[in-house]
Amino acid sequence: MSDAHTPVIRRPDLSEGRIRRRYAAERRFRFYGMFAVGLAIAMLAVLLVSVCSRGYSAFYRTEIGLDVMLDPAVISPDGKKDADTLAAADYQGLVKETLKNAFPDVTSRGDRKLLYGLVSNGAGDAVRAAVLADPSIIGSTQRIWVVASDDIDMLNKGFIKRDVPEAERVVPDSQIGWFDALIAKDQVKSAFNSAFVSSGDSREPEQAGILGALMGSIFTMLVTVLLALPLGVMSAIYLEEFAPKNRITEIIEVNINNLAAVPSIVFGLLGLAVLLGVFGLPRSAPLVGGMVLALMTLPTIIIATRAALKAVPPSIREAAYGIGASPLQVVTHHVLPLATPGIMTGAIIGLARALGESAPLLMIGMVAFIVDVPHGPTDPATVLPVQIYLWADSPERAFVEKTSAGIMVLLAFLIAMNAIAIFVRRRFERRW
């Protein structure tokens, strides 16, 4: 009988060389993994260092101390000292008069314009605040610290170099000389930039703040949470626990998965056409922005919630049915509490992604220049990503640090949201 069809048994190569090569391959694979993780961490560190090194300086500003003569003829010419009269006085004129008296040798119109350029256009606000806080100082000379202009601030922080030719820098030699004279008289200091965290946007870099965009983001995310979270969770519970498995539910599930991959700008076009065009909702309002982001986040929340519900062991459901619980009681009393960590984690991660979106919000007008801080979801507002985009598009050098500082605030917001997700998971996590 022929041995042509006899199966050949191949024995594994257990030689020392084969084992050595296998161990070497495992070590290489482990090295590649560690190298990839290290490279990712290094790139993240470079990003954070780059952003922080450019943006930390926005949290302090240069201030100039001026001995302002609070002339009663300018502040209250008719002798009245009510709040409206005091607030309407020409305090910027007093600041200019103080600078002119401090440098009497500056006589030409052009040089005086440069001299007045040492301080911000809003320097008079500090004088106004001091007078309104204590009207009794009217008629006296007070040392008041006012905000320096953006170019002088950049010069003091070292972003504008002194050792380059005058034609190549925005601060001329004359302004540098006057500023150095103020430094010699101990009339220059660096202080915390309270305007950056307490005011809205401005055309002047030294007066621009992040609070308006921050409040806009908060109101937008509140609307998003209130709409997307309950609708997404209830939809996922119905599809996973109660919906019959037929062609209609299959079509719904396919469309939900497809919507999760739709570019975000499509949702902005939807908001522009339907929410603004058909329903006439207010343009550039957190209410509309939150509704658009809720539509964008819904598929992500539904998918994350269904995954969390599937992760609950079937034995939990079987035990609940065994003691006579109804389907609704099984879900609400047993399955949903156990799935809460996964649901909240997925929801917060989806909301964090929505927080960083700018494309859909640009389509509904949230790119507008907003000075006032919004007080509600229907007030005109912008959000952090759009505010960062607006500052990055501005030509002034001082807006570069504002852009990086805005990114730092946005990253802090995102880190806080992810920290909340981790806390919720740890708080409600149960092992089985």
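Is Arg317 buried or exposed, and what is its relative accessible area? Arg317 is buried, with a relative accessible area of 17%, where buried means under 20% relative accessible area, exposed over 50% and partly exposed in between, for a 1.4 Å probe and protein chains only.

The structure is a predicted model, in which local features need pLDDT of at least 70 and side-chain atom pairs count only at pLDDT 80 or more, while totals for chains, interfaces and linings use all residues. Residues are numbered from 1 along each chain as its sequence is written, and side-chain values use heavy atoms, with hydrogens and water left out.

**Salt bridges**

Side chains of opposite charge can pair when their charged atoms come close.

| Pair | N to O distance |
|---|---|
| Asp153 and Lys157 | 3.0 Å |
| Glu240 and Arg306 | 3.0 Å |
| Glu241 and Arg317 | 2.8 Å |

The side chain of Glu241 meets that of Arg317 in a salt bridge; Glu241 lies in helix H10 and Arg317 in helix H14 (residues 314–322), so this pair ties together parts that are 76 residues apart in sequence. Helices (H or I, at least four residues) and strands (E, at least two) are DSSP runs, numbered from the N terminus. Glu241 counts as partly exposed, at 24% relative accessibility.

Glu240 forms a salt bridge with Arg306, and because Glu240 lies in helix H10 and Arg306 in helix H13, the pair ties together parts that are 66 residues apart in sequence. Glu240 is buried, with a relative accessible area of 19%, and Arg306 is buried as well, with a relative accessible area of 12%.

Asp153 and Lys157 are four residues apart in helix H7 (residues 150–157), so they are separated by about one helical turn.

**Packing of H10 and H13**

Helix H10 (residues 211–242) packs against helix H13 (residues 286–310) at an angle of about 35°, with their axes 6 Å apart; the axes are lines fitted to C-alpha atoms, for helices over the stretch in contact, and angles run from 0 to 180 degrees between N-to-C directions. By class, the contact of H10 with H13 has 19 nonpolar, nine polar and four charged residues.

**Loops and backbone**

Most residues other than glycine have a negative phi. Asp186, however, has a positive phi of about 60° although it is not a glycine. Asp186 is placed in the loop between helix H8 (173–184) and strand E3 (188–192), and it is exposed, with a relative accessible area of 58%. Ser284, also not a glycine, has a positive phi near 60°. Ser284 is found in the loop between helix H12 (264–276) and H13, where it is buried, with a relative accessible area of 6%.

Ser358 lies in the loop between helix H15 (327–355) and helix H16 (359–363) and is partly exposed, with a relative accessible area of 25%. The C-alpha atoms of Ser358 and Leu384 are separated by 8.6 Å, the two residues being 26 residues apart along the chain.

Key:
Ala, Val, Leu, Ile, Met, Phe, Trp, Tyr, Cys and Pro count as nonpolar, Asp, Glu, Lys and Arg as charged, and the others, Gly among them, as polar. A salt bridge is a side-chain nitrogen of Lys or Arg within 4 Å of a carboxyl oxygen of Asp or Glu.
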